[in-house]
Protein chains: 2
Amino acid sequence: MDFQRLEQILEKECLLNRAEPILVGVSGGPDSLCLMHGLARLRFSLLVVHFDHRLRPESGSDAAFVEVEARRLGLPFLSGSQDVAGFAASQRMSIEEAARVLRYRFLFAQARQHGAQAVAVGHTADDQVETVLLHILRGAGLSGLQGMAYRSIHPDWDERIPLVRPLLSFWRDETTACCSELDLTPLYDPSNQNPAFLRNRLRHELIPYLETYNPQVRRAVWRMSQVLAGDEAVVGLAAAQALQNCLVSRSDTQVKLNIAQLAQMEPGLLRAVLRAAINALLPSLRNVDYSAIERVERFVGAPHAGQVDLVKGLRGFAEAGNLVLQKSDQLGSELSWPSIALSAEIPVPIPGEVDLPLGWRMSTRWVDSADFPVFEAAGAGRSWEAWLDAGQLDAPIFLRPMRPGDRFQPLGLHGHSQKLSDFWINEKLPRRARTTWPLLVCADQILWIPGFRPAEPQRLQKNTRKALYVRLFRVDGSG
Amino acid sequence: MDFQRLEQILEKECLLNRAEPILVGVSGGPDSLCLMHGLARLRFSLLVVHFDHRLRPESGSDAAFVEVEARRLGLPFLSGSQDVAGFAASQRMSIEEAARVLRYRFLFAQARQHGAQAVAVGHTADDQVETVLLHILRGAGLSGLQGMAYRSIHPDWDERIPLVRPLLSFWRDETTACCSELDLTPLYDPSNQNPAFLRNRLRHELIPYLETYNPQVRRAVWRMSQVLAGDEAVVGLAAAQALQNCLVSRSDTQVKLNIAQLAQMEPGLLRAVLRAAINALLPSLRNVDYSAIERVERFVGAPHAGQVDLVKGLRGFAEAGNLVLQKSDQLGSELSWPSIALSAEIPVPIPGEVDLPLGWRMSTRWVDSADFPVFEAAGAGRSWEAWLDAGQLDAPIFLRPMRPGDRFQPLGLHGHSQKLSDFWINEKLPRRARTTWPLLVCADQILWIPGFRPAEPQRLQKNTRKALYVRLFRVDGSG
């Protein structure tokens, strides 16, 4: 291993000093073991931390192994443990996502407690390539394509302590070779072979397949991400300047921009400014979905009296020549919850609109595939709009409140059907709102729960040519 | 087919008018046939042109078919024909590349002759996705990732007449459906099924495979390219401004930039400025290779007395505090050609340097895989530097001139070995230069012909860990 190169990266890219401790997360695999040894050899002050995901019966022995390795180097060690599988089930997350959330929460909590200057993890150049390819498959913009950074702040975990990834330019081959040179026998997590994890399929199937097109593809993608990181910085700077120029006012929950100035910008700059404005309100959102940007871009081109739903409960509307981006509780305030009579069965015209109590209105129209949202937007987030596969709609649709025995197959749960009452509990919707919440149904099947999710059978599929676009919104624009 | 959307694109994106004729290239396949009908229906003035690549015995009947279709619409028609396979062989190009070159040469020559406002071709959204994926596999930057444009100038073909691609947002399914609706029976080129063509493998293997990861992957990649085109415009504008600020002088063959100002720029902006400067000298170069930018970036960080080879014969050197980018004949002027004695056998130290006559010097050093060039740079272009697989070098290396019976396996010819004398003829090196041109050899095998190509067996392979980097340069920096 080229420790001189590692030292340069630690100092110039990760901006680490030798005075304050660095918390290094060590699974016991070759990457993190190599990172721990490299940092120790270069005389950085360390705190070694292992997190046990309890996904395998023998996982406890991994912590013991890492502890022995840390002690051999005379380094302080601590570990934590949590039931990832249980958390994943309760939060309806994938195992991978749950593991990531709990691990980083723990690492950053320990970093705060021990006054660490940074949390260091062992992501390699191979991890970077996998990340970038994942983003391409999902249709990312520049911020996704540049992959992970040597040093970054993740406000969800900590506003101040950075996450550093010193091994981003070292290949997995190099960390393995480093372990051999140092006579270390790293742990190999058998779950890294499990093709049920998308990343493993990428690693073991997609990348070797792409290498049949270009044997250097990993290096090509890695360098692409490097170049794009530089381009993203240029775009970010240009956007920040342009945003300043058209900014009318700004608070934690609201950004106001001058529409006339926005409308004069080149499309690329306009989109970058809108992304920057959304990120100012939602700093932990890494990739702003393209279709949200497209909706607000269209709105800037032709402002109207209504509002546009963006991402994560953010909405945009026009007010006195300004575009207002407003952050809000995703369900709105209690007084503004949609609600219909217990006995209601309201036919919904296609295309058309229908008024509901409390100033709510539902609109529907057919859209063809050119206007479908991409993968991520079509996913499982809460939303006041939905796209439903037109091929699955074979009877009139209407709105009604819940009935005893209602079941629902929420999108993103792989077709798993659950009692609607269980769905409400998971979503933490207060009981008083449940009984009159409008449900979009066809025959007796729930197609969409406005504000929440569409049903799995109505999802957009590969061959979907036409979809029903449905939206529930407040007519007065205040919802 | 949504002709209203097509009309909008023709007017707003392709910037076409109804007064001047548009030359539309029609192969007879569903895409170009649909384009011809769409343009005709929307009352644009057309000249229909078919180009026969003569790659199939029955190709002549394609022209007849297109002529019938054009006449049915009352449109003027003309066709041309050339021996693509012969041209490919003589120019050592792939069939695909040769077909492309001859086709566009013909289309643009006809466009000039008939006063066309643009050349229109039928590339679809599917073609766009394939193009972007090809660029990703090869490691492109932003300019490659944004794919093809609705309207673009290609100086190689014409400085003024644009190439327009009105169908870039229509999927192949839509053009096929359009042909059915219009009761047309388009031609299907059997070579579109031939997996020997990389694009066909992408279309029939890679994309369906990627769809197993994300059924919406084509739309995701298409939108990504759209977003990145906007970002590229923002970067381009920022780079143009920054370039103006540090520009000392500029001619057709030389750009001088202030090094101190360059050195103060953020890395991303510096790279964008360097790309812009190189593009000012080489306007037809679409993607500036990353490793060339990296070399000149390093040079800006630490200028030295020598010069850096960039792309296509462009080189950079320092002069009075300026970075000079100089365009030159790729072989230099005759007086500066490298030349060694007929009896010479000059040992080349590794690592080290050795002086040759006329102020030339060869330097060598080991580089590890992090410093390898990417796919495109490692390819078959002429160059004064090369990377040779260290694993293939099992004896001392030295420089000598050619000897009777010398054979060479040029990189990029799939291991095909040819007489060195035939190689010289293909490369059009004047006879008087051949006999004393230095060849880098190991045992009796030619490893590299400086200024031309490395040998196929020495190419970088997937598992190459270490390479010998060799460079031949003029010590006085004037070569």
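I take buried to mean under 20% relative accessible area. The model I am reading is predicted.

**Entry 1: a strand inside chain B**

I started with strand β21 of chain B, residues 466-474. How many of its nine residues are buried? I find eight, so the strand is largely enclosed by the rest of the structure.

Next I looked up its partners. Strand β14 of chain B, residues 360-368, pairs with β21(B) in the antiparallel sense, over nine bridges. Strand β15 of chain B, residues 385-389, also pairs with β21(B) in the antiparallel sense, over five bridges. I then checked B:L468 in β21(B). In β15(B), B:L388 is a bridge partner of B:L468.

**Entry 2: the open sheet of chain B**

In which order do the six strands of the open sheet in chain B lie? I read β3-β2-β1-β4-β6-β5, with mixed pairing. The edge strands are β3 (77-81) and β5 (151-152) of chain B, and each pairs on one side only.

β5(B) pairs with strand β6 of chain B, residues 163-164, in the antiparallel sense. Two bridges join them.

Helix α5 of chain B, residues 95-113, lies across β1 (22-25), β2 (46-52), β3, β4 (118-120) and β6. This helix runs at about 150° to β2(B).

**Entry 3: chain A as a whole**

I turned to chain A. Its secondary structure comes to 15 helices and 21 strands. The radius of gyration is 25 Å, close to the 23 Å that the globule rule gives for 479 residues, so chain A is as compact as a globular protein of that length. Along its principal axes the C-alpha trace spans about 70 × 55 × 50 Å.

What share of the 479 residues in chain A is buried? I note 55%. I also looked at contacts with a separation of 6 or more in chain A. Residues 24 or more positions apart account for 69% of them. Chain A exposes about 20300 Å², and carbon and sulfur atoms supply 50% of that.

**Entry 4: a hairpin in chain A**

Strand β13 of chain A (residues 352-355) and strand β14 of chain A (residues 360-368) run antiparallel, joined by four bridges. A:E353 has A:S363 as its bridge partner in β14(A). Their hairpin has four residues between the strands. There, A:L358 takes a positive phi near 65°.

**Entry 5: a strand covered on both faces**

In a regular strand the side chains alternate between the two faces of the sheet. I checked strand β16 of chain A, residues 397-400. A:I397 and A:L399 are on one side, A:F398 and A:R400 on the other. All four are buried, and both faces are covered.

Two pairings came up. Strand β12 of chain A, residues 346-348, pairs with β16(A) in the antiparallel sense over three bridges. Here A:I346 has A:L399 as bridge partner. β16(A) also pairs with strand β19 of chain A, residues 439-442, in the antiparallel sense over four bridges. A:R400 stands opposite A:L439 in β19(A).

**Entry 6: where the chains meet**

The size of an interface is often given as the accessible area lost when the parts come together. Between chain A and chain B I note about 5100 Å² buried. Carbon and sulfur atoms give 60% of this area. The contact takes 55 residues from chain A and 55 residues from chain B.

Note on methods:
Residues numbered from 1 in each chain as written. Chains lettered and ligands numbered in written order. Predicted model: local features only at pLDDT ≥ 70, side-chain atom pairs only at ≥ 80, totals over all residues. Heavy atoms only, no water. Pairing = 2+ DSSP bridges. Contact = heavy atoms within 4.5 Å. Axes fitted to C-alpha atoms, helices over the stretch in contact; angles between N-to-C directions. Rg over C-alpha atoms; globule rule 2.2 N^0.38 Å. Buried < 20%, exposed > 50% of the residue type's maximum accessible area, 1.4 Å probe, protein only. Areas by Shrake-Rupley, 256 points an atom, 1.4 Å probe, with all protein chains shown as cover. Buried area = accessible area lost by both parts, 1.4 Å probe.
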